[in-house]
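Please consult the sequence and the coordinates alongside each answer.

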Amino acid sequence: MIAIDLERGLVTVEEAGERRTYPLASPEAFAVVSRAWLRCGWDTKYVYGFTWLGRPVIQLPEDLIRVQEAIYEIKPDLVIETGVAHGGSLVFYASLLRLLGRGRVVGVDVEIRPHNRRAIEAHELSPWITLVEGDSVAPGVVARVRELVAGASRVFVVLDSGHARDHVLAELRAYAEFVTVGSYLVAADGIMTDLVGAPRTAPDWSWNNPRAAVEQFLETRRDFVRSEPPIPFNEGLVRDRVTYWSGGWLRRVAS
Ligand SMILES: C[S@@+](CC[C@H](N)C(=O)[O-])C[C@H]1O[C@@H](n2cnc3c(N)ncnc32)[C@H](O)[C@@H]1O
């Protein structure tokens with residue numbers, strides 16, 4: 001149970017038989033309210049309401065701001081994203097790289113619907129975008145991506161296709177080789193584990209999710225560590241992100 005008392009400036013949370021009350025002006029209250037907001041946003045499909053330069057982008061706005069901060073830090077010359085959907089995230093990355101004056105984007109999707117392909121190919125930023133159609137972990141698709149990576153010196157990877165644990169684990173293993181040292185391999189939508197019981201979820205999301213894939217991946221890898229990019233500016237009290245990408249940021253630390 002969560003109760004927000006705006007008049008008294010208090011947030012009360014009751015969990016596992018314990019009741020805690022925080023002042024609204026505290027990071028603890030912000031975390032409790034954010035958790036409720038994320039759940040409410042999931043139920044209402046809040047993330048299905050944004051575009052970037054004309055294309056629908058299915059992301060929480062804070063995740064876009066945070067990945068922008070990481071892109072600006074890394075300044076990749078190649079961003080690879082699995083999971084294209086309407087193409088808004090590809091256009092988002094392409095717009096950042098265009099502004100930075102370097103780089104291209106590769107988008108991989110098992111099915112690029114004709115109207116989405118047409119819109120992406122007609123977009124002002126399409127010269128910076130290469131589409132690859134096929135299962136992201138199919139050997140032929142990975143080989144095609146490898147060809148497109150050739151010569152890139154800083155590569156940033158976002159995995160946002162299927163979110164089942166084994167698929168994300170296979171993607172992590174297949175795409176890790178492309179990530180350059182110092183850059184990131186991001187598995188989106190680790191939030192699934194916190195949404196069990198909500199509409200449009202399944203009970204197995206408690207274990208069958210990208211966060212579990214990341215944990216399994218890290219068991220055998222010393223070249224990646226779980227590490228969210230530093231937040232470059234923060235004069236507020238809140239330290240934690242309000243994110244769908246929880247537990248999904250991996251930094252490559254060795255070759
Ligand atoms: C969450 S949407 C991607 C959203 C997009 N990145 C954005 O920010 O707007 C997931 C996409 O992954 C694709 N997908 C699902 N399974 C896949 C697979 N095995 N290989 C490649 N793409 C897959 C779906 O077709 C869908 O377009």
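Q: What is the volume of the second largest pocket?
A: The model is predicted: local features need pLDDT of at least 70, side-chain atom pairs count only at pLDDT 80 or more, and totals for chains, interfaces and linings use all residues. Residues are numbered from 1 along each chain as its sequence is written, and side-chain values use heavy atoms, without hydrogens and water. A pocket is an open set of points on a 1 Å grid over the protein atoms alone, where a 1.4 Å probe fits, with protein on both sides within 12 Å along at least five of seven lines; its volume is the space filled by probe spheres set on the points, joined across faces, edges and corners. For the second largest pocket the volume is about 430 Å³.

Q: Which residues are the closest to the centre of the second largest pocket?
A: Lining residues have an atom within 4 Å of a point. The lining of this pocket divides into 13 nonpolar, 8 polar and 4 charged residues (nonpolar: Ala, Val, Leu, Ile, Met, Phe, Trp, Tyr, Cys and Pro; charged: Asp, Glu, Lys and Arg; polar: the others, Gly among them). Of the 25 lining residues, the closest to the centre are Tyr-48, Ile-58, Asp-160, His-163 and Asp-189.

Q: Which element gives the largest share of the lining of the largest pocket?
A: The largest pocket holds about 560 Å³ of space. Ala-31, Ser-34, Arg-35, Leu-38 and Arg-241 are the closest to its centre among 21 lining residues. Helices (H or I, at least four residues) and strands (E, at least two) are DSSP runs, numbered from the N terminus. With 8 residues, the largest share comes from H1.

Q: Why is one side of E1 and of E3 left without a neighbour in the sheet?
A: An open antiparallel sheet has the order E1-E2-E3, where strands pair if DSSP finds at least two bridges between them. Strand E1 (2–5) and strand E3 (18–23) each lack a neighbour on one side because each stands at an edge, with a single partner strand.

Q: What angle does the direction of H1 make with that of E2?
A: Helix H1 (residues 27–43) packs on this sheet, touching E1, E2 and E3, with contact meaning heavy atoms within 4.5 Å. Axes are lines fitted to C-alpha atoms, for helices over the stretch in contact, and angles between N-to-C directions run from 0 to 180 degrees. The angle between H1 and E2 is about 65 degrees.
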